[in-house]
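Let me jot down what I look up as I go.

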Amino acid sequence: MRRLLQWWRGSLRARVVTSTVLLGSLLAVLLGSVLYQQVARGLVDQAIASAQRDASQQVATAQRAFDSTDRRDDSGLRGLAEEQIQSMSGPSAEDGRRVQLLPALGNERGVVERMATGVAAEDIPSSMQEAIDADPANQQVVVVPVSLEEGEERAAAVVVGSRVSLLRAGPYDLVLVYPLLREQETLDLVRQLFLLGGLGLVALVVGLALLATRMVTRPVEEVAKASQEVALGHLDERLPVVGNDEIAQLATSFNTMADSIQHQIRELRSLSQLQQRFVSDVSHELRTPLTTMRMAGDVLHASREDFTAPVARSAELLDQEMDRFEDLLAELLEISRFDSGAVTVERHEEDIVPTVRAAVDGVRTLADNLGTSLRLHLPQERVEVCMDGRRVSRVLRNLLTNAVEHGEGRPVDVTVAVTPQVASISVRDHGIGMDEEQRRQVFDRFWRADPARTRTTGGTGLGLAIALEDARVHGGWLQVGSEPGQGACFRLLLPRTHTHVIAEEPSPVPSTGSAATDAEVPAVVLALDTREDDS
């Protein structure tokens, strides 16, 4: 049922057809029911009118026979009554009427006992005699089911009762029963015709619904397919325009939109390529003057003891800014490689624990100067990960440097946790932290949480952006969790084999908690990756 419901919700044609069939069936049932009731009521009313006329004639004939008889004894009177009942009864169940003669209420003489042909005494409702006794001058009519033959099903019949008077026997009730067999056959035929007509109407509705939905949904499916092709990058996909109706207008609008998107994407690609080429060219062109400036700066820095104090200080500042300038150029070149898709990844099976230790040792001097202790939480066994050690080391150095600089002298926890398929490295500080807006921008290029804040190493603002790209080329994730005043936790997730990537974003990083909590590897979804190792 769940699959059927999902299919129904996912198919416009199925929803339209089923809704149309349900509404058509409901309309057919309501219309058939109303018409059937009208036909049935008309047949019954006609049968009642016919029965009343015939019963009036039969009762008058019987009363004249009773009034004109010269039979004085009881047996002769009973014979006369029996002759009249037999003459009024029909030859068959279809053509004949059933007759019953019984003493009226209050008639205790018992001259003529109850006589009947083809109808049981219990078939006549007791209310019939009560109605005749209350109004003996008029006919009393009721429609009730009666038994025509013994053992057969009961059938509806019109029962007409009248008062007759037998000489010396007193008042009697003459009841005539008219079975509605022909009317029932007519109703059965009408029911069958209505059923066949309803089925034909439903089939017609289904055919019309399928035709209508095909005329509408097929162009929509073509638009959806073309949209998917455009989303996949096939910008030359277009729809044929036939006629000038709404579907043709939709196809024209789609083609116009696709042309506009293709034109804009081409412009953006051209601008992106120009920007990437510009950054790459500028970075390469600056290498030569930078090398010359580097050499001149080294000479001045080495001879700063021979200069006056202001000049010596200028030589030191020049040397520091040259270092920062070289780092900026190197990172700009790396960013340009990511943008142009020219990044090469050399992945090998390595133990990630020594890589983490080496990264921590690289920032220990900076941590000692700032009074920050580095606490390691590492597994005892080897943690083999297929990775590019140089890129992972660069990510860890960047995370550790930021944690030390923003940790306010408080300890920094480095934790490694693993599962059979994923390795997690968390770097947590207990410093100033970040709010929600800062967390959204922390991986943006050239963004800093506090531009006015004094930086020990003079970062370029590209480190976290490059770290994020390094994590992505490994098929992993780099996430952050933080709250103002409670520090920040950066978590690097890497698949342990090159045949997998972490396809869906893992659960968020806890903004607060212990090192053990931050180290937990979240539930991640791994997908097969058919890329080459160096892609």
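**Entry 1: a hairpin, then its sheet**

I started at the hairpin of β4 and β5, where three residues sit between the strands and R168 takes a positive phi near 65 degrees. Before going on I noted that this is a predicted model, where local features need pLDDT of at least 70, side-chain atom pairs count only at pLDDT 80 or more, and totals for chains, interfaces and linings use all residues. Residues are numbered from 1 along each chain as its sequence is written, and side-chain values use heavy atoms, with hydrogens and water left out.

My helices (H or I, at least four residues) and strands (E, at least two) are DSSP runs, numbered from the N terminus. Two strands pair if DSSP finds at least two bridges between them.

How many bridges hold β4 and β5 together? I find ten, in the antiparallel sense, and V159 stands opposite V177 in β5. On to β3 and β4: they pair over eight bridges, antiparallel, and V146 has A155 of β4 as its bridge partner. Strand β1 (residues 98-103) pairs with β5 (residues 170-179) over six antiparallel bridges, and there V99 stands opposite L176 in β5.

I then wrote down the whole open sheet: five strands in the order β2-β1-β5-β4-β3, with antiparallel pairing. β2 (115-117) and β3 (140-147) are the edge strands, each pairing on one side only. From one strand to the next the twist averages 25 degrees.

**Entry 2: helices on that sheet**

For angles I use axes that are lines fitted to C-alpha atoms, for helices over the stretch in contact, and the angles run from 0 to 180 degrees between N-to-C directions. Contact means heavy atoms within 4.5 Å.

I see α2 lying across β3, β4 (154-166) and β5, at about 30 degrees to β4. Helix α4 (residues 126-134) lies across β1, β3, β4 and β5, at about 35 degrees to β4.

**Entry 3: α1 against α2**

Helix α1 (residues 2-10) packs on helix α2 (residues 12-67) at about 95 degrees, with the axes 5 Å apart. α1 and α2 are therefore roughly perpendicular to each other, a label that covers 65 to 115 degrees. On the α1 side I listed W7, W8, R9 and G10; on the α2 side, L12, A14, R15 and T18.

Next I looked up an open sheet of five strands with mixed pairing, in the order β7-β9-β10-β12-β11. Which strands are at its edges? They are β7 (374-377) and β11 (477-482), each pairing on one side only. Neighbouring strands here are turned by 15 degrees against each other on average, direction ignored.

β11 and β12 run antiparallel and are joined by six bridges; F490 in β12 is the bridge partner of V480. Helix α8 (residues 352-362) packs on this sheet, touching β7, β9 (412-418), β10 (422-428) and β12, and its direction makes about 170 degrees with that of β9. α12 touches β11 and β12, at about 130 degrees to β11.

**Entry 4: an aromatic pair**

Rings of Phe, Tyr and Trp (its six-membered ring) pair if their centres lie within 6.5 Å; planes under 30 degrees apart count as stacked, over 60 as edge-to-face and the rest as tilted. By this rule I count one aromatic pair. The ring centres of F443 and F490 are 6.2 Å apart and the planes are at 90 degrees, so the pair is edge-to-face. F443 lies in the loop between α11 (436-441) and α12 (463-473) and F490 in β12 (residues 488-495), so the pair ties together parts 47 residues apart in sequence.

Definitions and conventions:
Parallel < 35°, antiparallel > 145°, perpendicular 65-115°, else oblique.
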